[in-house]
Amino acid sequence: MRRIIVYFLALALIGVGVAWAITMPRPLSDDALSGHTGDAARGEAVFNAAGCAACHMAPKAEDDARLVLAGGQRFPSPFGTFVAPNISPDPEHGIGGWGAADLANAMLRGVSPEGAHYYPVFPYTSYAKMRPEDAVDLHAYLQTLSPTQQENAPHEVGFPFNIRRLLGGWKTLFLNDDWVLETADTEEIARGRYLVEALGHCAECHTPRDALGVLQRDQWLAGAANPTGDGRIPGISPDKLDWNAQDIAYYLQSGLTPEYDSAGGHMVAVIDNISRLPDSDRAAIAAYLKALP
Amino acid sequence: MKRIFATTALAVALSFGAGISTAQDAAIEARQNLMQLQAFNLGQLGAMAKGEMPYDAEQAQVAADNLVALARLDQSAMWPEGSDSFATDKTRAKPAIWDNFSDLMEKDQALVEAAVAMQEIAGTDLDALRGRMEQVGKACGACHEDYREPKN
């Protein structure tokens, strides 16, 4: 009898140990940044490609206020409502106290400087594919923006999703940095793949999710329910979107469709960022979309 | 007698309801047609901006003049309260429009300004035309960002 109890205790202990290991935060290795020094000018291009302002500027911010990353925009989802945090360089309310490695861990691994998991509403599931040097450059750029003392509002997330440690298990199962388009035949397509799959995080809205919120890679960019519950996000895979490459690039520059209708909803903010990239980047995005099977 | 009265009342109520929806439908159709006309004229300029059509100064000027005239049309009767996406699936206009009507008017004014900026250079300068297309696109998007439902 005693033996059985010991046996079960040992088993339980192993179970706890495994669960602990599975849900552990996994920051980047110390040499991942390999002594790269941040370049703010390059970081600005990363900032626009990654669309940071679209979610982290204050609700309805326009013009110069776009660069005050006060947070406060609300993102409803089937798991609860998330509120974007202040990522301005204020040391107390924002991320002014972060080093470049902290930002890289947040973006590529979804781990906070304190070692907590972020919710994947912050699209580290896409940023996982970005080059760590780009995070270092972005860090240098973010430091140049105006600080604000805007307080962070808590997420409105119920049990069990409010247990952040559980996200560790989710990440172990679903976070990976494999390209969906495995081979990029040209430099341009490779650049487009980087912009769409990593920095631009297009799939986060344009690809459907399963019940656990995991992107369905076999329906890549095929369109999805709007997470707000309001209508649909259109598909942009070749079988769903028949625009030619020039039309796609022009839409990302001007917000105008080939029928001269305009972008609407959150895509307006996306285009506000993408339109600041060089022409070659918009052409690369179009080339990537056309190269999808 | 009572029944006839009730039936008549119902019939009147129904036809009144239908009358409202017809008037609203007409308003919805009118504003959609107006946006079609804007898109058509913008399309002439866009085709030149994209290089799909050779630049034709005269044609560009006509399209820009039209765009200004269309943007300046008084649309007040085309947006009756209740002609929104909750009432009918003929429109994607969000009810929020009528909570923020002054904001909508400001954004409409920005379209007029963008169209006038286009008109100033459309007949003389293709490069400037390209830049001002983006301004017009932005003005269109400003309303569609907050006040238009996504497609289903």
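Hi everyone. Let me start with a definition: a charge sits over a ring if NZ of Lys or CZ of Arg is within 6 Å of the ring centre and within 35 degrees of the ring normal. Please keep in mind that this is a predicted model.

With that in hand, look at Arg131(A), which lies over the face of Tyr194(A), at 4.2 Å from the ring centre. Chain B has an example too: there, Arg31(B) lies over the face of Trp79(B), and the distance to the ring centre is 4.2 Å.

Now for rings with rings. How many aromatic pairs does a search of the whole structure find? Over all chains, the search gives 10. One of them joins Phe82(A) and Tyr119(A), a tilted pair at 5.1 Å centre to centre, with 50 degrees between the planes. This pair links distant parts of the chain, 37 residues apart. Phe82(A) belongs to strand E2 (residues 80–83), while Tyr119(A) is in the loop between helix H4 (100–109) and helix H5 (124–127). Are these two residues buried or exposed? Both Phe82(A) and Tyr119(A) are buried.

Another pair, Phe122(A) with Tyr124(A), is edge-to-face: the centres are 6.1 Å apart and the planes make 70 degrees. Why does Phe122(A) count as partly exposed? Because its relative accessibility is 22%, and buried means under 20%. Tyr124(A) has 0% relative accessibility, so Tyr124(A) counts as buried.

Phe122(A) and Tyr124(A) belong to one aromatic cluster together with Tyr118(A) and Tyr127(A).

Definitions and conventions
Residues are numbered from 1 along each chain as its sequence is written. Chains are lettered from A and ligands numbered from 1 in the order in which they are written. This is a predicted model: local features need pLDDT of at least 70, side-chain atom pairs count only at pLDDT 80 or more; totals for chains, interfaces and linings use all residues. Side-chain values use heavy atoms; hydrogens and water are left out. Rings of Phe, Tyr and Trp (its six-membered ring) pair if their centres lie within 6.5 Å; planes under 30 degrees apart count as stacked, over 60 as edge-to-face and the rest as tilted. Helices (H or I, at least four residues) and strands (E, at least two) are DSSP runs, numbered from the N terminus. Buried means under 20% relative accessible area, exposed over 50%, partly exposed in between (1.4 Å probe, protein chains only).
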